[in-house]
Amino acid sequence: MAGWIYVDTDIQRLRQISGLITPMALRVAVTLGLPDRLRDNPATARELAPGLEADPLALDLLLAHLTTLGVVERTAAGYRTTGFGALLGAGAGNGLNNLLHHDSAAGRADLAFVDLVHSVRTGEPAYPLRYGQDFWADLAAQPHLREAFDRQMNDRMRDWIPQVVANYDWSRFGTLVDVGGGHGTLLAAILAAHPAMRGHLVDLEETAAGARELFREHGLGERAEVTGGSFFDPLPAGADACLLFDILHDWDDEQAHRILARCAVAGERVLVVESLGESTEFDLVMLVHFGGRDRGLHDFERLASAHGLTLESVTQVTGGRSLLEFTR
Ligand SMILES: C[S@@+](CC[C@H](N)C(=O)[O-])C[C@H]1O[C@@H](n2cnc3c(N)ncnc32)[C@H](O)[C@@H]1O
């Protein structure tokens with residue numbers, strides 16, 4: 001009968017991990033710019049409030065809670081950001097600020113978690129329920145969200161690039177199409193490492209424009225082409241391989257089939273890079289933001305086989321990402 005025996009600490013722990021207060025307090029601190037504002041210039045809530053268009057008493061409540069978290073500390077001159085809190089600053093260089101800010105792509109999308117129950121009941125993303133259109137349409141309508149999302153993708157890719165370039169033999173391909181390739185930081189690095197290769201990146205026009213600029217900066221000339229358009233439409237034909245890096249987890253099975261169908265026609269091989277369902281938290285993020293999910297190896301084999309694609313190899317390219325090589 002041990003099933004119903006519990007101790008007080010279990011209740012405290014459940015209360016702690018189910019609380020919305022602290023995560024929201026941190027996100028509001030970032031959204032109001034408190035970590036940067038209070039870094040070198042301590043101030044009281046009363047002094048800060050007018051500049052932030054905040055209520056002084058409510059702001060003081062927020063700052064008092066942030067003090068208990070070690071994000072700010074009290075000094076004689078008012079609240080000051082601690083070294084720990086400075087990690088949340090816009091210039092901290094760790095990407096956290098961009099993930100948490102209410103008006104960044106990720107921070108805004110995370111607010112849809114209040115409708116997680118809708119996603120669990122229907123299997124649909126909660127994002128459109130909250131914002132009236134899906135994530136990608138919202139990014140297209142609001143350039144600052146698109147910019148924040150592209151920056152988030154570039155931030156995470158920066159650390160992975162050396163491993164992804166080194167851990168897989170890209171030199172086997174004469175031409176590589178990077179499907180949904182973002183700003184092309186990875187493709188540029190692959191082409192730089194293999195001067196005989198050519199690349200072609202496809203992404204939505206606003207992001208594709210960033211890739212053109214990046215390739216120009218890297219002096220890749222005619223070796224790197226860019227097409228602004230949708231991967232639901234026909235892709236550049238005749239490639240040795242099509243790369244789908246963190247693409248399929250954004251989509252449900254029906255849409256993933258449509259993307260794979262385009263790749264199977266355009267390339268001899270299809271290279272799928274994903275995390276193979278290693279994080280339950282990330283799965284829920286994909287569900288709520290996009291109606292997608294991380295899939296396991298067998299899910300990908302099943303999806304790909306419908307397009308005449310057979311799994312040839314699995315290569316761990318970074319700590320959290322595997323490259324599945326399919327051939328037709
Ligand atoms: C999760 S990001 C991955 C970007 C890049 N592959 C990487 O790993 O950094 C998904 C990418 O798909 C692009 N995307 C979304 N819908 C698209 C569509 N219909 N056609 C082409 N690209 C699309 C987004 O603009 C974004 O760059």
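Colleague: How many salt bridges does a search of the whole structure find?

Modeller: The general idea is that side chains of opposite charge can pair when their charged atoms come close. A salt bridge here is a side-chain nitrogen of Lys or Arg within 4 Å of a carboxyl oxygen of Asp or Glu, and the search of the whole structure finds 18 of them. Please keep in mind that this is a predicted model, in which local features need pLDDT of at least 70 and side-chain atom pairs count only at pLDDT 80 or more, while totals for chains, interfaces and linings use all residues. Residues are numbered from 1 along each chain as its sequence is written, and side-chain values use heavy atoms, with hydrogens and water left out.

Colleague: Which parts of the chain does the salt bridge between Glu325 and Arg172 tie together?

Modeller: The side chains of Glu325 and Arg172 meet in a salt bridge with an N to O distance of 2.7 Å. Glu325 lies in strand β9 (residues 321-327) and Arg172 in the loop between α12 and β3 (175-179), so this pair ties together parts that are 153 residues apart in sequence. Helices and strands are DSSP runs numbered from the N terminus, a helix being H or I over at least four residues and a strand being E over at least two.

Colleague: Is Glu325 buried or exposed?

Modeller: Buried means under 20% relative accessible area, exposed means over 50%, and partly exposed lies in between, with a 1.4 Å probe and protein chains only. Glu325 counts as buried because its relative accessibility is 3%, whereas Arg172 is partly exposed at 41%.

Colleague: How far apart in helix α12 are Arg158 and Asp155?

Modeller: Arg158 and Asp155 are 3 residues apart in helix α12 (residues 143-166), which means that about one helical turn separates them. The closest N and O atoms of their salt bridge are 3.2 Å apart. Asp299 and Arg302 likewise lie 3 residues apart, about one turn, in helix α17 (residues 297-305), and their side chains meet in a salt bridge at 3.7 Å, N to O. Asp299 is partly exposed with a relative accessible area of 22%, and Arg302 is partly exposed with 41%.

Colleague: Which residues are linked with Asp299 and Arg302 in a network of salt bridges?

Modeller: The network also takes in Asp253, Arg293 and Arg295. Two of these residues, Arg293 and Arg295, are in contact with His249, where contact means heavy atoms within 4.5 Å.

Colleague: Where does His249 lie, and what does UniProt place there?

Modeller: An unreviewed UniProt entry places the feature "active site" at His249; UniProt positions follow the numbering used here, feature names are shortened, and annotations may be inferred rather than shown by experiment. His249 lies in the loop between β6 (239-245) and α15 (253-266), and it is buried, with a relative accessible area of 4%. Leaving aside neighbours within four places in sequence, its contacts also include Glu274, Phe282, Met286, Gly292 and Asp294.

Colleague: Which residues form a nonpolar patch on the surface?

Modeller: A patch is made of residues with over 30% relative accessible area and no salt bridge, like charges being joined within 9 Å and nonpolar side chains (Val, Leu, Ile, Met, Phe, Trp, Tyr) within 5 Å. Phe84, Leu87, Leu96 and Leu99 form such a nonpolar patch, with about 340 Å² of accessible area together, the areas coming from the Shrake-Rupley method with a 1.4 Å probe and, for residues, only the protein chains shown counting as cover. Leu87 is found in the loop between α6 (83-86) and α7 (96-100) and is partly exposed, with a relative accessible area of 43%. Gly91 has its place in the loop between α6 and α7 as well, and is exposed at 72%.

Colleague: How is the chain divided into domains?

Modeller: Domain bounds come from an automatic or database domain assignment, which here gives domain 1 (1-97) and domain 2 (155-277 + 291-327). Their centres, taken over C-alpha atoms, are separated by 39 Å.
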